[in-house]
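Here are a few exercises to work through with the model open in your viewer. Have a go at each task before you read its solution.

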Amino acid sequence: MNRAVIAVTVIAVLAGYTLLFAGCDSGTTYNIEGDWDLGTVQFDYGGGVTWTLNNVLLSVDTVDEVIYFSGYDRNGLLWGYAGDYSRTANRVIALDLPEIDFGSEDQLDLRLEFTSSRVNGAAINWVYDAGELEDVGAARVSGRKVFGSSVRSMAATGSDEKAPKFEGVE
């Protein structure tokens, strides 16, 4: 993919994120521990190319400072990303979250703003092939706190037989 297109995509997402959260700090720091239902998240890679994850669950472990992002693709396969995050008040940034898969190079960045019962933000999916950046997709995310057990086994992710990630232009 053309590096200029990638740069424009990333800048557009970050600019949208900045506008989204301008003036959002209420002075109250909320408890973000637990599960957050993000529903359907569609990453846009430009040129009509998308990747949609359904039943997306964001799980935050504030004790170990780890965040999990997972959802099911159009073939019912579970995709997951996990890693550490940094937090300032109600804003969370998680960079370079590796895909929970054996040998996968793909990564996910999350920039999120939490309230007592809602989360909003942006996700950027970095797609690599043989160590080279192949594509970058961006998505807005929005969801609500889940009260009750929504634990998802990340052991179900990862498969050498995963179908192509992208939808649209093949």
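## Exercise 1: an aromatic trio

Phenylalanine 43 and tryptophan 51 are both buried. Keep in mind that this is a predicted model.

**Task.** Work out how the rings of tryptophan 51 and tryptophan 79 are arranged, and which parts of the chain the pair ties together.

**Solution.** 
1. Start with the ring geometry: the centres of tryptophan 51 and tryptophan 79 are 5.0 Å apart and the planes sit at 75°, so this pair is edge-to-face. The cut-off for that label is over 60 degrees.
2. Now place the residues. Tryptophan 51 belongs to strand β2 and tryptophan 79 to strand β4, so the pair links parts 28 residues apart in sequence.
3. Check the burial. Tryptophan 51 has 1% relative accessibility and therefore counts as buried; tryptophan 79, at 5%, is buried as well.
4. Zoom out: a search of the whole structure turns up three aromatic pairs. In another of them, phenylalanine 43 and tryptophan 51 have ring centres 5.6 Å apart and planes at 25°, so that pair is stacked.
5. Put together, Phe43, Trp51 and Trp79 make one aromatic cluster.

## Exercise 2: who builds the core?

**Task.** Find which residues touch the most other members of the largest nonpolar core, and which strand supplies the largest share of this core.

**Solution.** 
1. The core has 29 residues, and those touching the most other members are Phe43, Leu58, Ile67, Phe69, Leu110, Leu112 and Phe114.
2. Go through the strands: β1 (34-46), β2 (49-61), β3 (66-72), β4 (78-84), β6 (91-98), β7 (107-114), β8 (118-129) and β9 (132-146) each bring at least two residues to this core.
3. β2 gives the largest share, with six residues.

## Exercise 3: strand β7 and its partners

**Task.** Describe how β7 pairs with β6 and with β8.

**Solution.** 
1. β7 and β6 pair in the antiparallel sense over six bridges. To find your place, look for leucine 97 opposite leucine 108 in β7.
2. β7 and β8 are antiparallel too, over eight bridges. Here glutamate 113 stands opposite asparagine 120 in β8, and a hairpin of three residues joins β7 to β8.
3. As for cover, seven of the eight residues of β7 are buried.
4. Over residues 17-24 the pLDDT is below 50, while the chain averages 83.

## Exercise 4: a serine and its contacts

**Task.** Is serine 142 buried or partly exposed, and which side chains does it meet in polar contacts?

**Solution.** 
1. Serine 142 lies in strand β9. Its relative accessibility is 33%, so it counts as partly exposed.
2. Leaving aside neighbours within four places in sequence, serine 142 is in contact with Asp37, Leu38, Arg118, Val119 and Asn120.
3. Two of these contacts are polar between side chains: arginine 118 at 2.9 Å and asparagine 120 at 2.8 Å.

Notes
Residues are numbered from 1 along each chain as its sequence is written. This is a predicted model: local features need pLDDT of at least 70, side-chain atom pairs count only at pLDDT 80 or more; totals for chains, interfaces and linings use all residues. Side-chain values use heavy atoms; hydrogens and water are left out. A nonpolar core is a set of buried Ala, Val, Leu, Ile, Met, Phe, Trp, Tyr and Cys residues joined through side-chain atoms within 4.5 Å. Buried means under 20% relative accessible area, exposed over 50%, partly exposed in between (1.4 Å probe, protein chains only). Helices (H or I, at least four residues) and strands (E, at least two) are DSSP runs, numbered from the N terminus. Rings of Phe, Tyr and Trp (its six-membered ring) pair if their centres lie within 6.5 Å; planes under 30 degrees apart count as stacked, over 60 as edge-to-face and the rest as tilted. Two strands pair if DSSP finds at least two bridges between them. pLDDT is the predictor's confidence in each residue, from 0 to 100. Contact means heavy atoms within 4.5 Å. A polar contact is a pair of N or O atoms within 3.5 Å; within protein, one must be able to donate a hydrogen and the other to accept it, and residues adjacent in sequence count only if both atoms are side-chain atoms.
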